[in-house]
Amino acid sequence: MDSPRYLEVPTGQALEAVLAAWHESLPGYSVLALVAEASAEAVPLLQAACRSAGVSLAGAVFPALLQEDGALPRGVVLLPLHGAPPPLLVEGVSRAEAVAPLASRLAAYVDAQLDDDTEATLFCIFDALVPNIATHLDAWYLALADRVHYAGVNAGSERFVAIPCLFDQERCIADGVLLQLLPGHQGAVLEHGFQVPEQVITATSASGNRIVQIDWRPALEVYGEMMASQYGVSIDRDNFYTYAVHFPFGILRADGEVLVRIPVALDEGGGIICVGEIPPNSVLTLLDARSGAERCVPQLAASLAAMPRSGADLLLFYCAGRRMHMGPAGMDRELAELARRLGPVKLWGALSLGEIGAAVCGGYPLFHNATLVGLPWSGSWSVR
């Protein structure tokens, strides 16, 4: 299968040349496109080129792109798919009344494309500003259960401002989700490596992605006290985000899974706004991103190495919040170590604003922060 392509300057002519070359070797192919935010003006060019070539397109805008030697601030990564069904692009998903209809539509999409015994991955890309992603994942699992593997990421701007960040060959939207079924694919691996401290707290009042109270007190007040007592850090409204990325919340699940939630903003009442939902009465802990992070890449590499791979490509997403903690040099070291541990590997990917994958136990899809998520990517694995 033809390899993915990176175009630093995605002109119309360059895009048309790539599509024409693939048409010769992969008749009936489609395209998954990852676009750096700084090159978002290339989306209309890409859409026009795909329409002209009669090619189905799915794609999203991310803060930056990735290869094995680090971040790419500009450009487009094009990944050819041969045999994959057309994507679904759904708008308006942040409304509560949109949850059930989308789950039904998704079930029909999967039923129409898969035989009962066909293994597949449902790869999804959400707008990062959608506040009810975990609610959607719960509804999807009720509709599909373990019929598919679940993997996905959040797209958009690292500034957490609304931008049209999801597209197909016709539309470019915000407040949506892009869904691409990958027949023959065995799923993704996620890892963050953080250690869990002993002290726990409870989100006694929470709504969506906002923690209002912790242990019946204003969330910011308790968070600040814990930061001071455990880590010797004094926070206020002015320096909150500078420190919060290094000390995220962990939601403790009964199955042992720890879901990371990075705080990104404060509301006027002292509530803490996170990337991802926090169920009311969740048991929380305060994670130190400096502790245990070195375990992430070895664990991720071991899990990926255990998956059958017929090619040397890996689709990898790296949390933008994790990069803020690790620093660009720290991220580069993690990428280089992952490539070294996996052997000869060509890495393609992007900085993400939240990650989606299955729990440690079973196939239940969960929303994560601060992780690396990797999907083996080759002709034998991405499509049937």
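How many aromatic pairs does the count come to? With rings of Phe, Tyr and Trp (its six-membered ring) pairing if their centres lie within 6.5 Å, the count comes to nine. Planes under 30 degrees apart count as stacked, over 60 as edge-to-face and the rest as tilted.

Before the details, a word on the source. This is a predicted model, where local features need pLDDT of at least 70, side-chain atom pairs count only at pLDDT 80 or more, and totals for chains, interfaces and linings use all residues. Residues are numbered from 1 along each chain as its sequence is written, and side-chain values use heavy atoms, with hydrogens and water left out.

Trp22 and Tyr29 make an edge-to-face pair, with 5.9 Å between centres and 80° between the planes. Buried here means under 20% relative accessible area, exposed over 50%, and partly exposed in between (1.4 Å probe, protein chains only). Trp22 is buried at 3%, and Tyr29 is buried at 6%.

Tyr223 and Phe249 form a tilted pair, 5.2 Å centre to centre with 50° between the planes. Tyr223 belongs to helix H5 (residues 219-231) and Phe249 to strand S18 (residues 249-252), so this pair ties together parts 26 residues apart in sequence. Helices (H or I, at least four residues) and strands (E, at least two) are DSSP runs, numbered from the N terminus. Tyr223 is buried, at 1% relative accessibility, and Phe249 is buried with a relative accessible area of 1%.

Phe62, Phe123 and Phe317 form one aromatic cluster.

Next, Ser30. Ser30 sits in strand S2 (residues 29-36). Is Ser30 buried or exposed? Ser30 counts as buried, at 6% relative accessibility. Contact means heavy atoms within 4.5 Å. Neighbours within four places in sequence aside, Ser30 is in contact with Val55, Ser56, Leu79, Pro80, Leu81 and Ala84.

Last, the second largest pocket, which holds about 220 Å³ of space. A pocket is an open set of points on a 1 Å grid over the protein atoms alone, where a 1.4 Å probe fits, with protein on both sides within 12 Å along at least five of seven lines; lining residues have an atom within 4 Å of a point. The volume is the space filled by probe spheres set on the points, which are joined across faces, edges and corners. There are 14 lining residues, and the closest to the centre are Ala134, Arg253, Leu259, Pro279 and Leu366.
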